[in-house]
Amino acid sequence: MLGLVLVCFFIAQISVLIVAGFIDGDINGTLGPFEPLYTFIGGICLSPFLMLFFYLRRPRLTHSITAEPHPQGVHQHILVGGSVIQSPVPTLVRHHLFRSTAPLEMPRPLHLWALFFGGVILSSICLLPLMVFGPNVLSVLLALVVVLPAWLIGFAAPVFAWWSISSRHLGINISRRNAEWILAAGMLSTIPAIIINSLISPLLLNFVGLDAMEPGSWGEGFVLFLSAPVGEELSKALAVLALSHLIISPKHGFYVGSTVGLGFALLENAQYISMALVGDYSSISYFFTAMLRGISSIPGHALWTGLSGYAIGCWIGRGNRLPLMSDRSSYVTAKSNAKWVLYNKNGTPETTTGWANMPSERMMKLVGRLEKHSWNLPKTVPAAIGAAILGHGLWNGTSWGVSKLLADVDTLFSVFLQLAWLGIMVSTLWLFILRWLPSIVLNSQDGPF
């Protein structure tokens, strides 16, 4: 899955270069020049990554060999690879290929959080000599050894930790292949979002006399609190809509939406962590960037897109569907009629029908304590996307506004105030998550509509 993340990261970055060659070759926020060479080179560089993406996403097949008694059969069958099947009665051998439906299995959240916090702290310590003593043989060698693991742990571990929590405690059972498609859809939704934020919005702002490329300017502010929330939330909502065939209830919609948000945060986080690692104060900037984004921006993306997914689940529950893209009938029928055999500790088979969709015991205890103070989520798609855009815009806009107001304040005091404001925003985010959680878990219909 990390290999898929790296491939999607390069696909997103190269795609922006291809589009930039058509409208803004020097990427300075003004129209032109037209650079067909950038588009041509970008297309060539993009091709192997696209082929690698489809290779990684190829269907996983299971090969089944069945020997059946038949009067016209034989006693011995030679298989490919030199294996031989020998039977006491005449048999016919049949080969079957079918897609693997192995369920998603995530590591325990505690293990992923331990990897994240331990890896970030250890990597920051290893990068500290380069910042304190400057470049020498030992400090540079140590930094080179630790920089790749630091990058991977910094941007990937917190996303997978949040994903493990939602997968384990919401009571959603899904195949690994479908789960990876959801995460990949979130990563690919960064492509239109980056194009809107980096190319289209600066051009539009330039027409009204605002420079979005100047740090601290009002043009940059408009991109952060208007363009980014609108472009990103619409891009992620379209990704959820494209996966609506996997949604069979509002709770499933929230899970799909939150996972798309985590996929989006995965690639966005990779870019921020890479920028922190190449900065002048790499050790300090890497530590704070990884820690703050791991506990703030990542669950924020999951919640905002989860609102859109929940509303799309309600929309599907009212009998709507997307033609040609959302064949829910076969999925729902398979879910309702599937016969599964489970084996207990003694090896005795126990037959059950369908997957269990009950939340975990810990989740039910938490929801029981929060149920009296729960809030209802938006149930219409425009309202949900509007709420997501509003929340995202307030997050970006207030962060930018506080930093702009404190631009002339003492550096240490300014950092303290910005961290204090971030703490207020994170607390508010978790207030909304906990207030909405009972509606997500309890008020969702988990069966065929």
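A crossing of two helices is right-handed if the near helix is turned clockwise from the far one by less than a right angle, and left-handed if anticlockwise. The model is predicted: local features need pLDDT of at least 70, side-chain atom pairs count only at pLDDT 80 or more, and totals for chains, interfaces and linings use all residues. Residues are numbered from 1 along each chain as its sequence is written, and side-chain values use heavy atoms, without hydrogens or water.

**View A. Helices α7 and α10 cross.** Helix α7 spans residues 218-242 and helix α10 residues 297-317. Helices are DSSP runs (H or I, at least four residues), numbered from the N terminus. The two axes, lines fitted to C-alpha atoms over the stretch in contact, come within 10 Å and cross at roughly 45°. The crossing is right-handed.

**View B. P215 sits in the loop between α6 (190-207) and α7.** P215 counts as exposed because its relative accessibility is 67% (exposed is over 50%, buried under 20%, partly exposed in between; 1.4 Å probe, protein chains only). S249 lies 34 residues from P215 along the chain, and their C-alpha atoms are separated by 44 Å.

**View C. L17, L37, Y38, F40, I41 and I44 make a nonpolar surface patch.** The patch covers about 560 Å². Patch residues have over 30% relative accessible area and no salt bridge, with nonpolar side chains joined within 5 Å; a salt bridge puts a Lys or Arg side-chain nitrogen within 4 Å of an Asp or Glu carboxyl oxygen. Helix α2 (residues 36-56) gives the largest share, 5 residues. L17 is in helix α1 (residues 2-23). L17 is partly exposed, at 33% relative accessibility.

Notes: Patch = residues over 30% accessible without salt bridge, like charges linked within 9 Å, V, L, I, M, F, W, Y side chains within 5 Å. Areas by Shrake-Rupley, 256 points an atom, 1.4 Å probe, with all protein chains shown as cover. Helix = DSSP H or I, 4+ residues; strand = E, 2+ residues; numbered from the N terminus. Axes fitted to C-alpha atoms, helices over the stretch in contact; angles between N-to-C directions.
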